[in-house]
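Please keep the sequence and the model in view while reading.

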Amino acid sequence: MKKISVIGTGYVGLIQAVGLAEFGFNVVGIDIDETKVKALNRGECPLYEEGLEELLKKHVNKNLTFTTSYESIKGSDVIFLCVGTPQDKDGDADLRFLFSAVEKIKETIDKDDYKVIVIKSTVPVGTNRKVKELLSGYNVDVVSNPEFLREGIAVYDFFNPERIVLGFENLENKKPIEIMNKVYNYFKEKNVPFIITNWETAELIKYASNAFLATKISFINELAKLSDIVNADIKTVSYAMGLDDRIGNKFLNAGIGYAGSCFPKDVKALIKQFENNNIEPILIRSTDKVNEEQIKWFFEKIKNYYKNLNGKVFAILGLAFKPNTDDLRESRAIKLIDLLLGSGAIVKGFDYVAKARENTINMYKLDKSKGFYGYNLYVLDDLYEAVKDADGIIITTEYNYNKEDWEKIRNLVKEKVIFDGRNILDVEKVKKLGFKYYGVGR
Ligand code: UDX
């Protein structure tokens, strides 16, 4: 294998490029963003992901380089497409970046020069077929290879996948299968299950997996609302359910809903695919609806406690969509902050990781400069500063806040009340300290 090109050096592409370099391949990462490309070539990682910068530094300018030019794909046997497929205004996956990358590939490669083009971007069922059509007349095979990386532990996930899914046009054609086996030989040797199937099945596996996990979360979140009223404890319900290994305990933690760059977008895109095929997605639409409602339900809980939120000061613990990332996309904390600010409250936000990165906090500043948030939102670098003089503490991200000094926190707050949106706190402990505690379904 001469060289592998990876188009798109966002979250998925960068990890793919760095991972393939660690396997020993010569890798070129291609991105249209010149500033990013320059930074990557200096070994600077544009996003926070454990272990990523170390690996980048280890390989950059050795067997890994970055460029804005597509020329490098000429000498590559395998080309990974890892561009973003964001949500468009109708909830569909926006495939503009993908198709424009395909156009650039067409402009660059020789028609007769054989290439394997691997689509790693999350794409609706039918997209691999469309890409192959766009490349008709070219000597290429198109392979669907969805990713299952979790943010925060994506580097670990890359090297320790639970399955490798590969979709092909024609399973009789062994050439692209053999090439992909070589690319992923590391996983073969580790006995990772390989799912070799057709394009459409591979594409659907990705959506099915994400929508199922999202449904598990929405299921337990819906039950939590009942649990809240009838004096049941949802944490014990989840635990007991999870002991049945047909159910399993993962993704059964009730809270204020799922977020991030994948679940909300993929669930909505799957709904669209049903609609496009004239089928009503009864269950999956409900998954989405429960999630949208959950944060409003939690906000109502807070509102009912205070009656009037005007001028109340809240410490929001957790800004990113989940722990160990600075990613704010679809973050429930942000949705809640919007609702609080809209009711005249003052918000002091804190996050262990998101605070450290200017690019994430800048998302706030952007909105602030539009005047939307006025001056009522503050992002603090210190948890104790955030809780100081607060009328209430709201936990929005599932970090282990139990390790903080709750006696100190008690002495700093104005009113001893906690709304725990992730059911993470040791209830007995904080109650003993005199806090009123409101969780989700407990
Ligand atoms: C997810 C999938 O896990 C991954 O396989 C896919 O490739 C991309 O989408 P990620 O977006 O990184 O990964 O987040 P994940 O760790 O799965 O959590 C998603 C959201 O669900 C978070 O907002 C989290 O707070 C929430 N969640 C998770 C719950 O509310 N309850 C749970 O029990 C688990």
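Helices (H or I, at least four residues) and strands (E, at least two) are DSSP runs, numbered from the N terminus. The model is predicted, so that local features need pLDDT of at least 70 and side-chain atom pairs count only at pLDDT 80 or more, while totals for chains, interfaces and linings use all residues. Residues are numbered from 1 along each chain as its sequence is written, and side-chain values use heavy atoms, with hydrogens and water left out.

## Two residues of the annotated site

An unreviewed UniProt entry annotates a "binding site" that includes Leu252 and Ala254; such annotations may be inferred rather than shown by experiment, and their positions follow the numbering used here, with feature names shortened. The annotated residues span 175 residues in sequence, and their farthest two C-alpha atoms are 24.0 Å apart, so they do not all gather at one spot.

Leu252 sits in the loop between helix H10 (234-242) and helix H11 (263-276), and Ala254 belongs to the loop between H10 and H11. With a relative accessibility of 2%, Leu252 counts as buried (under 20% relative accessible area, with a 1.4 Å probe and protein chains only), and Ala254, at 6%, also counts as buried.

## Their contacts

Contact here means heavy atoms within 4.5 Å. Leaving out residues up to four places away in sequence, Leu252 touches Lys216, Ile220, Ser238, Met241, Gly242 and Ile247. With neighbours within four places likewise set aside, the contacts of Ala254 include Ile220, Arg422, Asn423 and Val440.

Terms used:
Buried means under 20% relative accessible area, exposed over 50%, partly exposed in between (1.4 Å probe, protein chains only).
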